[in-house]
Amino acid sequence: MEKRVTFGRWTIGILFAVPQLILIFTFFYWPAGQAVYWSLTLQQPWGGGNIWVGLDNFRSILANADYWNSITASMIFAGISTGLAMVIALVLAALTDRQLAGSWLYRVVLIWPYGIAAPALALAFRFILAPEAGFMAVVNKVWPGFWDPGLDGADAMASIIIAFSWKYVGYNFIFFLAAFQAIPRSLIEAAAMDGSGVIRRFWDIQFPLITPTIFFLLVINITESFQDSFGIVDIMTAGGPANATNLMVYKIYSDGFKGLDYSGAAAQSIILMFLIIALTIVQFRFIERRVHYR
Amino acid sequence: MTIIKRGFAALAAGALSTALAVPAFAEPVKFDFWFGLSGDLARVVDTLCKNFNDSQKDYEVVCTSQGNYDATLQNTIAAFRAGKQPTVVQVYDVGTATMMLSGAYKPADKLMEENGYKIDYSDYFPGIARYYATSKGEMLSFPFNSSTALMYWNKDAFAKIGKTEAPKTWEDVAADLKALKDAGYDCPMAINISANESWQLMEQFSALHNQPIATKNNGYDGLDARLEVNKTKFVQYVTDLKKWYDAGLVKIKSKDLGQDMVQAFATGTCQVILTSVGDHGTVGRTQKEGMNWDVAELPVYAGTERKNSLVGGASLWVLSGKSGAEYKGAAAFLNFIHDPKTALFWSTNTGYIPVTKSGFDFMKSNGFYDKAPYKGREVAIESLTASEPTEITRGIRLGNFTQIRAEFGTQMQAIFANKVSVQEGLDTLVKNGDAILERFQQTYPGKTLP
């Protein structure tokens, strides 16, 4: 006989859900709804009034070359930094999992970068990558003019990618290591006895078995690279030089808070929201097919 | 038990609210002042507030630093929308147009009049007063911390090329920079090309040469003003700066690269910089031991009739929606700041200049400008009062000017990175700047600047 635990009256269920619903409503739906409303109006910053303009804000943003430049920069940033952070973390986790000498130390140390606030690590990297004072000054002595993030947009983009990847290597590492350790030892030992080398075992056994983790981290990394990049950009480049690192999230901030264009910024954040939703759907539809859940 | 406790709490709260409604004697009226300075300058403001509180016992000003100018304006707007705004707030020069259209202020001149203070507005240096006044000359806010841009030059380096005077024209500057380079100086002049330098490179330059930044007298005469820096003398200036940069006579120095230009000058790395008189104290405190340097007015092109330079800094706005008692306190506070003695205190402890003639005279009579650390700062007053302000040199009254400055930085970076030509870059600056102005105008339909 099947035992079912249900509430006698549906009102009790609703009552249990209410606190959560209130939280979600106050901190998500209400502000999001407000943003949608703002994006369809022209808001006076001091609250003196607003005018309904329909989709004009979206039209003017999408007609703006700077905005498309910002989208391109965000895509490049997301692609390269996610790739770097995941590959490096994967390699480090695979090595740590092989119980090489001192792996207990890496296990602890490699997690630290994720615990550092973005602005703090940006400040550190700004010093490390400063062309005249930091580590790169040495490189510039050997090849004068090699590194100039103040004027060269590619160098500036490289700086923020390095800083962001460095932070997320730590985060990805934790998940990869956990995934590797969840693989039964017997599988790997059996393969070893059959004579397969380290690389072979990695590609044929470990890699397929951790695809769910890889997929999870891919989604998280791409989403975070759109959102968590703000502190790094703000401290390291402020969107420059010549808008080369003006990522979407930074542009929203500077247009909205520095420029007091609340409506334009609201419209941009709606676009950013849809972009992230679209990217996530694409990932679930096309990449998840290759994922093997156990 | 709990019911009794609650009862007591309610009684106490009731008593408290009646006490608040009827101000008791000897209990000073508190009001808030938000400002945008930080570090050393914030400590000076705190002392200023303490001096005010000690000087009388009817009012108590609570001064809170919001970190920087942008944050102060943002936080004030947020507070205003929530009905929790401070009584007095410091708003930077370029926020003036935004404030004037906000409908969120109480005109400073009316406030002073209502509370029985007589302020002689003609005592303000005209270059400072007109920047903040309406087109009809009414003072809606009080000038507070004020500065202007100067040229800092290294006397030791110039002595090596046989010069004892600072160059007065850009033609002379070009020749001197070349001579400095030939004399072995790696960095004859340092500039930076971010949004912040719009002030000395574009705005001050245009004022000195009586060149407009925008139509409608730089925006004073209407919200439909549009930029026109792509067809003034400014084009030649940027062309020259770029030429000197390519020839290695001008270097870009910024904090992101390792050393900002003030540090580069103070350490003797770079021989000429253009920056605010507000940095005079910093250079003096951090300079290389024994280095001889001085300040001079910004150069102009040969054959130019020099006009007054622009004031930079911020003014104090009194916000609407406060009680009569708080307004009385605010008026007393503004009157205190207006006092020449406060001007002396303020200028001694910061690099800012006095904003009134009486303040300046009081400081001169105290021998302020004769002694070593402050000597030279009078050049700022000379620069600000070089001429009676013209329709164009009284200031800039453009909406969302912060964003236009950001656009200036972006286009200058594109020009110096050889991505676009000088003319292309400035054309884009005008095009994007006009879009910002147009949007500002659309946000305030049917409104006009006072």
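This is a predicted model: local features need pLDDT of at least 70, side-chain atom pairs count only at pLDDT 80 or more; totals for chains, interfaces and linings use all residues.
Local features need pLDDT of at least 70 and side-chain atom pairs count only at pLDDT 80 or more, while totals for chains, interfaces and linings use all residues. Residues are numbered from 1 along each chain as its sequence is written, with chains lettered from A and ligands numbered from 1 in the order in which they are written.

**View 1. Chain A on its own.** Chain A comes to 14 helices and two strands (DSSP runs numbered from the N terminus: H or I of at least four residues for helices, E of at least two for strands). Its C-alpha atoms fill a box of roughly 80 × 75 × 30 Å along the principal axes.

**View 2. Where chain B meets chain A.** Here 32 residues of chain B are in contact with 27 residues of chain A (contact: C-beta atoms, placed from the backbone, within 7 Å). On the chain B side, the elements giving two or more residues are helix 3 (69-81), helix 4 (96-102), helix 18 (401-416) and helix 19 (422-443) of chain B. Helix 18 of chain B gives the most, with eight residues. Sorted by class, that side has eleven nonpolar, 16 polar and five charged residues (nonpolar is Ala, Val, Leu, Ile, Met, Phe, Trp, Tyr, Cys and Pro; charged is Asp, Glu, Lys and Arg; the others, Gly among them, are polar).

**View 3. The two domains of chain B.** Domain 1 covers 30-147 + 311-370 and domain 2 covers 149-309 + 399-443 of chain B, with bounds from an automatic or database domain assignment. Their centres, over C-alpha atoms, are 28 Å apart. Ten residues from domain 1 of chain B and 14 residues from domain 2 of chain B make the contact. The domain 1 side has four nonpolar, six polar and no charged residues.

**View 4. Helix 15 against helix 16 in chain B.** The axes of helix 15 (residues 340-349) and helix 16 (residues 357-365) of chain B come within 8 Å and cross at roughly 65°; these axes are lines fitted to C-alpha atoms over the stretch in contact, with angles running from 0 to 180 degrees between N-to-C directions. The two helices of chain B are therefore roughly perpendicular (65 to 115 degrees). From helix 15 of chain B come P340(B), A343(B), L344(B) and S347(B), and from helix 16 of chain B come S358(B), G359(B), F362(B) and M363(B). These contact residues split into five nonpolar, three polar and no charged.

Notes. Two residues are in contact if their C-beta atoms, placed from the backbone, lie within 7 Å. Angles under 35 degrees count as roughly parallel, over 145 as roughly antiparallel, 65 to 115 as roughly perpendicular and the rest as oblique.
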